Amino acid sequence: MWTWFYRLASPPYVYRVAALWIPWFLTAAAITIGCGLIDGLGFAPPDYQQGDAFRIIYVHVPSAWMSEFTYACMAVAGAIGLIWRIKMGHAVAAAAAPIGASFTLAALVTGSLWGRPMWGTYWAWDPRLTTELILLFLYVGVMSLRSAFEDPARGDRAAALLSVVGVVNLPIIHYSVVWWNSLHQGATVAKLGKPDIELSMLWPLLSMMLGFMCFYAAVLCIRLRGEILDRERQATWVREAVKS
Amino acid sequence: MKVGAWQAMTLVVRRELCLSFRRPEQLLQPLVFFLIVTTLFPLGLSLQLSALRDMAPGVLWVAALLSSLLSLDSLFKSDADDGTLEQLALSGQGLTVIVIAKTLAHWLVSGAALVLVSPLVATALGIPPEAFATMLLSLGLGTLTLSWLGAIGAGLTVGLRRGNVLLSLIVLPLAMPLLIFGAGATDHAVSGTSAAGALYFLAALCVFTCTLAPFAATAALRITLD
């Protein structure tokens, strides 16, 4: 039963399988993001307060959501590498970190573009915004710690430990809108019971979220393949794989 | 001679205290830095005491964070450089015991000293004396938590040649909740409302880091040392 799991620890196997997954994830991402965009930008009704400006939600919320999700992924992969000494765990964590940082940056940029017409300012020192910015700094810290060591194995383990420690901040970011009175609106989708958002507005959002997940998976596979090639450049299978 | 864990801990704490009291300038420099930073804020922001009072808690906390960050770099560094840390790690005591002792000693000479100086700065910034008890309690809990977080960061960067900036980059994001609740508690006390909620949060953070951070810092040291 566990053989599939054990095989995921082998670089050549992951390198081959990731190549098979990429087209599937990319197609799924293209379909869901395409549907979400058409439905969200074309057919969803305008918001009664914000008019058409609310439509940036279809990019902003998925990227903000993915920025937290990617951090959790990175920390779990790092923990797997740290605890069971599986090299692939560190490779996944190293491949995920820049993607997560990009999602965080995207969430911040789209958020401030949204804030300009709604709040009258690009940036407000608001708990949600500030904690998201802190998340970006966490990503930067993890990435620079990894590259600060001359011995890559040591850098991997140090970065993994830091990302596991940084998980403490995830609930703070997530619940910052609940704990503090914030300019940022509260949770509208991920709530027990009926969501606060109109269903015709919700469907494109869910589709976009799924699309962002698939997109993340595809980019992760691509980056992971590069990461594996870089890490295993001394191995004979890499030379054969590159030659063929 | 067989030495128990408790005895080893007190021995290491005593050694650290002895070392830092032989070099009083190292002990005083972070405190002077704390004073200087807090005097910079009024010069840069506003000289009106009424306006200063509103931001005094934040200024106090930011200055406290920065000045305890300043002394964090030396937490494991000098011992790692001359090999003492390896000998301590090989001494048969758990490395965690050593880490706990060194961090507590670090807090005593940096954090606790800072707490003792803080009423002076607080008076200068216009914080009313009624708020001192809350402020001292929050700073005490906060600096202790910061020492634990800092031990993780110092452990991760001890092997690096220029780990100083990286250390701040690692520790400051982790210290974010501390600043929020610490400055919040002091703020409540200044405005005369109940600071209990923020103080409970600070105490919870302190207990959380006290129990888990020693193990994380030990793991960090093991990664960078071996």
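Before the first pair of helices, a definition: an axis is a line fitted to C-alpha atoms, for helices over the stretch in contact, and an angle runs from 0 to 180 degrees between N-to-C directions. Helices (H or I, at least four residues) and strands (E, at least two) are DSSP runs, numbered from the N terminus.

What you see is a predicted model, in which local features need pLDDT of at least 70 and side-chain atom pairs count only at pLDDT 80 or more, while totals for chains, interfaces and linings use all residues. Residues are numbered from 1 along each chain as its sequence is written, and chains are lettered from A and ligands numbered from 1 in the order in which they are written.

I start with chain A. It has 9 helices and 0 strands. Of its 244 residues, 39% count as buried (20 or more other C-beta atoms within 10 Å of a residue's own; 12 or fewer is exposed, in between is partly exposed; C-beta atoms are placed from the backbone). Two residues are in contact if their C-beta atoms, placed from the backbone, lie within 7 Å. Among contacts in chain A between residues at least 6 apart in sequence, 74% join residues at least 24 apart.

Next, a helix pair in chain A. The axes of α4(A), residues 87–119, and α8(A), residues 199–231, come within 8 Å and cross at roughly 130°. The two are therefore oblique to each other. On the scale used here, angles under 35 degrees are roughly parallel, over 145 roughly antiparallel, 65 to 115 roughly perpendicular, and the rest oblique. Which residues make the contact? On α4(A) they include A:Ala91, A:Ala96 and A:Ile99, and on α8(A) they include A:Tyr216, A:Arg223, A:Glu227 and A:Arg231. By class, this contact has 11 nonpolar, no polar and 3 charged residues. For the classes, Ala, Val, Leu, Ile, Met, Phe, Trp, Tyr, Cys and Pro count as nonpolar, Asp, Glu, Lys and Arg as charged, and the others, Gly among them, as polar.

Now a pair in chain B. The axes of α3(B), residues 49–72, and α6(B), residues 95–124, come within 11 Å and cross at roughly 150°. These helices are therefore roughly antiparallel to each other. Among the residues in contact are B:Leu60 and B:Ser67 of α3(B), with B:Gly111 and B:Leu114 of α6(B). This contact has 6 nonpolar, 6 polar and no charged residues.

Staying on α6(B), B:Ala112 is also found there. Is B:Ala112 buried, exposed or partly exposed? It counts as partly exposed, because it has 16 C-beta neighbours inside 10 Å. Its C-alpha atom and that of B:Phe181, 69 residues apart along the chain, are separated by 19 Å.

Then the core. A nonpolar core is a set of buried Ala, Val, Leu, Ile, Met, Phe, Trp, Tyr and Cys residues joined through C-beta atoms within 7 Å. The largest one has 130 residues, and A:Ala96, A:Leu161 and B:Ala220 touch the most other members. The element that gives the most to this core is α6(B), with 14 residues. Leaving out residues up to four places away in sequence, A:Leu161 touches A:Leu82 and, in chain B, B:Leu156, B:Ala216, B:Ala219, B:Ala220 and B:Ile223.

Last, the side of chain A that touches chain B. The largest share, 8 residues, comes from α5(A).
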